[in-house]
Amino acid sequence: MASRSSSVSFLLTLIAAPLLALVLHICIGKYPLNPTLIPSLFVKGLCGISEHNPEQLVLFNIRLPRAIMAVLFGATMGVTGASLQSILKNPLLSPYTLGISSGAAVGAALSLAFNLGVFSTEASAFTFALLATFLTLTISRFRGGLSPVTIVLAGIIVTALFQGVLTLIQIIAQPENVSAIVGWIAGRLNAVTWNHVLLSAPLAFVGMLGILLVRWRIFVLSMGDEEARALGMDVVKERLVVIVLASLAVSSVVTAAGVIGWVCLIAPHLTRLMIGSDPKKLLPASLSLGATFLLIADALAKSVWVYEIPVGVVATLVGAPLFLYLLRRSMHAYGV
Amino acid sequence: MIITVENLTFYYDSIPALRDVSVKIPCGKLVIVLGPNGSGKTTFLKCLCRLLRPKAGYVYFDDQLVWEMDPKFFAQQVGYVPQIHLPSFPYRVIDVVVSGRTPYLSALEVPSKKDYEVARRALEPIGCEHLAERLYTQLSGGELRLVLIARALAQEPKVLLLDEPTSNLDFKNKIVVMTVLRDLAKRGLSIIATEHDPNIAAMFSDEVMLMKDGKIVAYGEPHEVISEDTMKSLYGVDVEAISLSDGDNNCNRKLKLIIPRIALQ
């Protein structure tokens with residue numbers, strides 16, 4: 001059993017890792033900032049941002065919103081990915097399997113292609129992301145009482161459906177709108193403003209906090225429906241609660257930053273490979289690692305080349321070899 | 001806990017699985033349910049532990065109607081060990097066992113130190129303390145079955161229901177599992193287990209229940225119930241019964257084993 005001091009140091013690591021990555025992320029860029037100046041810039045910034053101090057402008061208007069969005073996105077994907085994999089008993093799942101990403105893409109595309117104006121692109125993307133999840137759950141309920149298999153199948157159907165609609169929109173839309181759509185879907189941490197952060201933070205926090213609070217129930221659900229019921233759980237209801245929390249959080253960060261893939265898959269697995277599947281630690285650790293990982297990936301994305309590389313691409317290029325290395329090291333745990 | 005089953009009926013879609021089953025099972029006994037494939041054993045067990053809702057009839061634990069009990073309270077009274085468990089993630093054995101404490105936790109709670117102590121104690125009667133820190137994906141079939149029994153024991157139940165606890169186990173592990181169950185029954189736990197091997201039932205059970213076509217055809221002590229006639233009618237196999245009684249070959253109780261006739265030639 002974990003002693004008190006080891007769980008304190010575990011908690012400290014969970015906080016320290018993304019913090020260090022955050023400082024790294026803030027300092028790296030076309031206009032490098034000296035890490036030692038950050039505290040004083042902060043203090044000065046709290047007293048009001050000066051128009052004439054370029055370092056302050058870079059920190060507060062460009063670097064911080066982008067870094068915090070990366071934290072929100074990575075953390076949300078880490079914790080929702082791990083919890084959905086658990087409650088659906090499938091290590092290959094991500095929140096995108098529920099149809100959230102294609103739903104959001106269709107919402108954004110509709111708004112961008114037809115200049116609807118009534119809704120902003122963000123509102124439209126968010127609405128359609130939730131609509132897709134709702135469709136997935138409804139189809140699954142209709143045909144199989146929200147069992148893990150039917151949820152996944154329904155998610156695949158809904159994803160295909162929305163992909164079809166997305167293609168259709170791209171064919172109909174004006175060429176200049178198509179590139180806006182493609183750009184939106186690819187994700188854009190580089191264009192994130194404080195407004196994006198403020199709009200997505202509340203639901204992301206609610207979702208993450210809710211999931212962390214029910215982390216033991218999530219673990220027991222991963223034992224299988226029958227066994228969880230035999231342990232006194234209301235399986236369908238509790239699974240639904242987790243899915244709703246996860247889709248609210250994911251829809252809100254995807255709406256703000258686009259469809260950045262791979263974090264939701266790799267963060268839970270890196271966590272499992274590094275600390276094992278400890279039911280009390282997995283979700284907090286996956287949250288922390290998701291944030292750290294996306295910060296590092298984005299720091300590389302904006303610094304390794306003359307052009308910015310999409311962060312999703314960097315996440316894949318860094319994540320895949322790391323994943324393979326850890327998998328080789330702990331293959332036996334998966335019974336391979 | 002005395003389990004009373006009255007006119008229990010269940011069917012899958014329109015296929016009947018249990019037909020008007022009534023039985024009274026006393027407490028502190030190891031009861032083994034025998035019957036051919038598809039005779040309704042598993043359905044019977046699942047109706048007892050609320051995994052299936054009967055289409056008609058009642059199940060009482062003492063004088064409480066099972067379907068009127070609060071699910072959490074019910075899980076504190078009744079432990080269930082499934083026949084098949086497919087591990088999804090490499091959890092530590094102790095974490096799997098401590099999940100048996102879930103009925104005692106509120107929705108937002110995680111197990112306390114005390115719950116982990118209960119879980120560790122649950123590993124003792126089955127002799128698996130040494131497995132606590134192992135990953136349960138790396139256990140043998142026999143060890144996994146024992147760990148699932150330990151999880152049910154961590155529920156501190158009064159009734160233990162097991163679906164074919166000896167399936168897929170080797171000769172020794174079958175004996176280990178059945179000895180554990182017999183000892184637990186001696187400590188006052190009411191245990192009902194389904195089983196395919198009549199001789200396992202004869203050797204270890206206190207009482208045997210024979211099922212065929214969704215009905216209970218016989219219930220009683222094994223040496224009375226397991227006979228040439230009943231086995232012929234249950235499985236359609238000709239058997240020879242061999243009785244051992246006090247004093248025979250160090251046997252200190254009544255024991256009747258059966259051997260298929262075809263093996264005697």
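Predicted model: local features only at pLDDT ≥ 70, side-chain atom pairs only at ≥ 80, totals over all residues.
Residues are numbered from 1 along each chain as its sequence is written, and chains are lettered from A and ligands numbered from 1 in the order in which they are written.

Let me begin with chain A, whose secondary structure comes to 14 helices and zero strands; helices here are DSSP runs of H or I with at least four residues, strands are runs of E with at least two, and both are numbered from the N terminus. The C-alpha atoms of this chain fill a box of roughly 65 × 60 × 35 Å along the principal axes. Its radius of gyration is 20 Å, which agrees with the value near 20 Å for a compact globule of 336 residues, where the radius is taken over C-alpha atoms and the globule rule is 2.2 Å times the number of residues to the power 0.38. Of those 336 residues, 48% are buried, and by buried I mean that 20 or more other C-beta atoms, placed from the backbone, lie within 10 Å of the residue's own.

Within chain A, helix α6(A) covers residues 148-172, and its 25 residues reach 36 Å from the first C-alpha to the last, close to the 36 Å expected at 1.5 Å a residue, the expected span being 1.5 Å times one less than the number of residues. Its buried residues include Ile151(A), Val158(A), Phe162(A) and Ile169(A), and the buried residues of this helix pack against α4 (100-114) and α5 (121-144) of chain A; contact, here and below, asks that two C-beta atoms, placed from the backbone, lie within 7 Å.

What surrounds Val253(A), leaving aside its neighbours within four places in sequence? This valine is found in helix α11 (residues 235-257) of chain A, and it counts as buried because it has 28 C-beta neighbours inside 10 Å. Its contacts beyond those neighbours are Leu72(A), Phe73(A), Thr76(A), Ser200(A) and Ala204(A).

Turning to where the chains meet, the contact takes 29 residues from chain A and 26 residues from chain B. On the side of chain A that touches chain B, the largest share, five residues, comes from α9(A). The residues of that side divide into 13 nonpolar, six polar and ten charged.

Chain B, finally, has strands that pair, which is to say that DSSP finds at least two bridges between them. Strands β1 (residues 3-12) and β2 (residues 15-25) of chain B pair in the antiparallel sense over seven bridges, with Tyr11(B) opposite Pro16(B), and in their hairpin, which has two residues between the strands, Asp13(B) takes a positive phi near 50 degrees. On another pairing, β1(B) runs antiparallel to β4 (residues 56-61) of chain B over five bridges, where Ile3(B) has Phe61(B) as its bridge partner.

In which sense do β3 and β9 of chain B pair, parallel or antiparallel? Strand β3(B), residues 30-34, and strand β9(B), residues 207-212, pair in the parallel sense over four bridges, and Ile32(B) stands opposite Val208(B). Strand β9(B) also pairs with β10(B), residues 215-220, in the antiparallel sense over five bridges, and Asp213(B), in the hairpin of these two strands, takes a positive phi near 50 degrees.

Notes: Buried ≥ 20, exposed ≤ 12 C-beta atoms within 10 Å, placed from the backbone. Nonpolar A, V, L, I, M, F, W, Y, C, P; charged D, E, K, R; others polar.
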